[in-house]
Every structure is written in C-alpha cells, then in structure tokens.
Amino acid sequence: MLFGRKDDDKEAIYIGEAEEVYTRLQSHLREKDFWNEVIVFISKDDNLNKAHIKYIENKLHEKAKVTNRYEVLIGNITPYAFYIRIRSSRNG
C-alpha cells in the first residue's frame, strides 16, 4: 500500500501486489510520484499463496473505499468472487 498526497493535496492510497516487492517499489518510485509512505506484507515461509494475497488486496481495497478517507488510486483489483469461482471449479 502506497500512501501520500496528490497535487490537489487530497490523501491518496494505492493498493497492489507483487511477486518481487523491491522491483515493484523501484517501478513505483519512477511511475507514481504521490507517495511518501509504504506498508508491505511479506511471508517468510511462502505461507501466503496468490489466492491469499488477492483476497487481502481485495479486502483492503473494499475497506479503503468504504472508509472514504483516501482517494483510492485504481490498480488491477479483481473481485474476490472471481477467485472463489476458479478455485471451486478446479476442486469440483
């Protein structure tokens, strides 16, 4: 999650996920100039799989929209229901 203020002084948040956090942050330093704080979730033992990460990303995005504290800058958020359907079809 990237936090900061946009040019119009509104607080903003960007929520996203990455396989390689350092590389992704370097990219955001070049491409997104609003942020000055970051929160990163990592797993030391690969206990979080892609579905876990997408779920967390989706829930954080939902909470950020509902609280209306920040302008939520849109990334590639896919509705969690999409992942449930894929997972169910693979297990069935």
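This is a predicted model: local features need pLDDT of at least 70, side-chain atom pairs count only at pLDDT 80 or more; totals for chains, interfaces and linings use all residues.
I found an open sheet of 4 strands, ordered 3-1-2-4, with mixed pairing. Strand 3 (35–38) and strand 4 (71–73) are the edge strands; each has a single partner, so one side of each lacks a neighbour in the sheet. From one strand to the next, the twist averages 30°.

**Pairings.** I then went through the strand pairs. Strand 1 (residues 2–5) runs antiparallel to strand 3, joined by 3 bridges. Here phenylalanine 3 sits opposite glutamate 37 of strand 3. Strand 1 also pairs with strand 2, again in the antiparallel sense, over 4 bridges. I noted leucine 2 with tyrosine 14 of strand 2 as its bridge partner. The hairpin of strand 1 and strand 2 has 5 residues between the strands. In its turn, aspartate 9 shows a positive phi of about 70°. Strand 2 and strand 4 pair in the parallel sense, over 3 bridges. I checked isoleucine 13 and found valine 72 of strand 4 opposite.

**Helix 1.** Next I asked which strands helix 1 touches. Helix 1 packs on the sheet and touches strand 1, strand 2 (11–14) and strand 3. Its direction makes about 160° with that of strand 3.

**Histidine 28.** Is histidine 28 buried or exposed? I placed this residue in helix 1 (residues 21–31). Its relative accessibility is 6%, and buried means under 20%, so histidine 28 counts as buried. Leaving out residues up to four places away in sequence, I list Leu2, Tyr14 and Trp35 as its contacts. Leucine 2 and tyrosine 14 are also the bridge partners noted above.

Conventions:
Residues are numbered from 1 along each chain as its sequence is written. Side-chain values use heavy atoms; hydrogens and water are left out. Helices (H or I, at least four residues) and strands (E, at least two) are DSSP runs, numbered from the N terminus. Buried means under 20% relative accessible area, exposed over 50%, partly exposed in between (1.4 Å probe, protein chains only). Contact means heavy atoms within 4.5 Å. Two strands pair if DSSP finds at least two bridges between them. Axes are lines fitted to C-alpha atoms, for helices over the stretch in contact, and angles run from 0 to 180 degrees between N-to-C directions.
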